[in-house]
Amino acid sequence: ENALPALEEATNNLSDLDASAVPASYHAALTELENTLPALTSSVDEFVRFGEMAKTILGAEGTKRYLLIFQNNTEIRATGGFMGSFAEIKVHEGEIIDMTVPGGGTYDLQGLLQTNLISPAPLQLLSGRWEFQDANWFADFPTSARVMLDFYEDAGGPTVDGVIAVNATYVEDLIGLLGPVSMESYDRTIDQENFLLEAQKIVELEYDKEENTPKAFIGDLATVLLDRVMDASADDFMQLLAHANTGLSTKDIQIYFVDDDLQRETLSLGWGGALAQTDGDYLMIIDTNLGGGKTDAVIAQDAHLQIDVQPDGSIINTLTVTRTHEGIQGALFTGVNNVDYVRIYTPRGSELISASGFTPPEEELFEFTEEEWTVADALFFTESTKRAHTQTGTDIFEESGKTVFGNWVQTKPSATSTYAFSYKLPFTIEALEAPDNLLTKAQSWIGVPKTSSYTLTLQKQSGILDRKIEVDITLPDSLDAIWTSHTLENTMLTNQTDQFIGLLLEHQE
């Protein structure tokens, strides 16, 4: 707090500095300062903002209770992975004073919900009744988190103050940072390389069938890791802080708070996993593994988005995705068919033109629902807007301010599947409207060109391990790109963070 005003003053002074007046011997230092000072000022400002927020989060004003959700992203779900395990933690004055990890994981709540809720239609491949372990159905994390809290309370759990979701691969990297963990009662040492495999073996195959607490290992490991974190040296703590920041920026950690002020701050920091609301083009690809084992650990994806701006200014996008199953038939956890209900989130009002490459499961595999069961409030709008595309059977519905297209892709071990969606955007490229005044008339007289902009927001899905997307943009002769954030052809993007592409276009007469 003391440093921030001085940093802000230095940043302002630097921006006003005439670089030509600085002696040559100081140019290297000046360049370094120009590159680092604004970022440092921004980081300290963010840290101070978070410091105030952290006091409330960590129980400075009274005990806080949170759900800590462990998402196994080798079995991908909308917000990161299957919710196999969870903990209820209490925090008071900066310390975790209690942590309860149910031995049966999320399945300990199965059948306890007082309300019989109908599962989302694709989820009925696994269960007709919607249960807590499948609560993270929505791509928008705040929406899924609210469903988790509703289900938890309906199943008899206490009121909690928020949800923190952590992906399994983040824990894997954390173990790499902290070092191997000796788990004597399980007769093995857990390290970064073997964590996922050994954890899955313990919780799915080797647990005591009489005690029936397969998820107890997660609680035992979490206790050791927390002790390691609390005992970390100052240098180690800074590495852990940097690791946490990386997890938040890559959505391997996502946070939701019931308190409106905390939630607004969380979203402003980009830690909330919310779907972005944009005026321009938008795309988010959401894979959902339903009965396909832990195969997402061995699925590689290559996506291609072709954006074609038509002469009349309308825009047609074609998304093509190739999924390669790199597992071996019969291999433990990964040697089975990958069953994926894929959803692509597009600007609201987009119109599906065509879809191909899909293989829905047989109808008799889906579970029936009872007529007297209820549609959850969170699902009601989605279900009420849903319709099937006549030619392809693709689901079309509205969710979180987007138009969504959904269908099934199945990929066998050592095989490749390719699917495609082609759709028309709900807006066109038009000249930016300018006020009808003397200045604009003068600009027209002297030939100042009309301009338009195009933007594309690409949001990543939490937990996806291997997805690349190539973007190509084709313009008609009537439009010329006078500024671009990326090249128009062969722009290759990864799934590490959300991405943004922008164009400034000039209209040719």
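Two strands are said to pair if DSSP finds at least two bridges between them, and the strands themselves (E, at least two residues), like the helices (H or I, at least four residues), are DSSP runs numbered from the N terminus. This is a predicted model, in which local features need pLDDT of at least 70 and side-chain atom pairs count only at pLDDT 80 or more, while totals for chains, interfaces and linings use all residues. Residues are numbered from 1 along each chain as its sequence is written, and side-chain values use heavy atoms, with hydrogens and water left out.

**Strand pairing**

- Thr324 stands opposite Thr416 in β16, and the strands β10 (residues 314-325) and β16 (residues 416-428) run antiparallel, joined by 10 bridges.
- Strand β16 also pairs with β12 in the antiparallel sense, over 5 bridges, and here Ser356 stands opposite Ala420 in β16.

**The chain as a whole**

- The secondary structure of the protein chain comes to 10 helices and 21 strands.
- The radius of gyration, taken over C-alpha atoms, is compared with a globule rule of 2.2 Å times the number of residues to the power 0.38; because a compact globule with 509 residues would have a value near 23 Å, the 26 Å of the protein chain agrees with it.
- Taken along the principal axes, the C-alpha atoms of the protein chain fill a box of roughly 85 × 65 × 40 Å.
- Contact means heavy atoms within 4.5 Å, and of the contacts in the protein chain with a separation of 6 or more, 70% are accounted for by residues 24 or more positions apart.

**Surface and charge**

- Of the 509 residues of the protein chain, 48% count as buried, where buried means under 20% relative accessible area, exposed means over 50%, and partly exposed lies in between (1.4 Å probe, protein chains only).
- The protein chain exposes about 24600 Å², and carbon and sulfur atoms supply 51% of that area, which comes from the Shrake-Rupley method with a 1.4 Å probe, where for residues only the protein chains shown count as cover.
- The protein chain has 29 positive and 80 negative side chains, and the centres of the two sets lie 4 Å apart; Lys and Arg count as positive and Asp and Glu as negative, while His and the chain ends are not counted, and the place of a charge is taken as NZ of Lys, CZ of Arg, CG of Asp or CD of Glu.

**Two buried residues**

- Leu352 lies in strand β12 and is buried, because its relative accessible area is 13%.
- Leaving aside its neighbours within four places in sequence, Pro361 is in contact with Leu125, Phe366, Trp408 and Gln410.

**Two residues with positive phi**

- Most residues other than glycine have a negative phi, and most peptide bonds are trans.
- Glu93, in the loop between β2 (82-92) and β3 (95-100), has a positive phi of about 50° although it is not a glycine, and Glu93 counts as exposed because its relative accessibility is 57%.
- Ser414, found in the loop between β15 (402-411) and β16, has a positive phi near 65°, and Ser414 is exposed because its relative accessible area is 62%.
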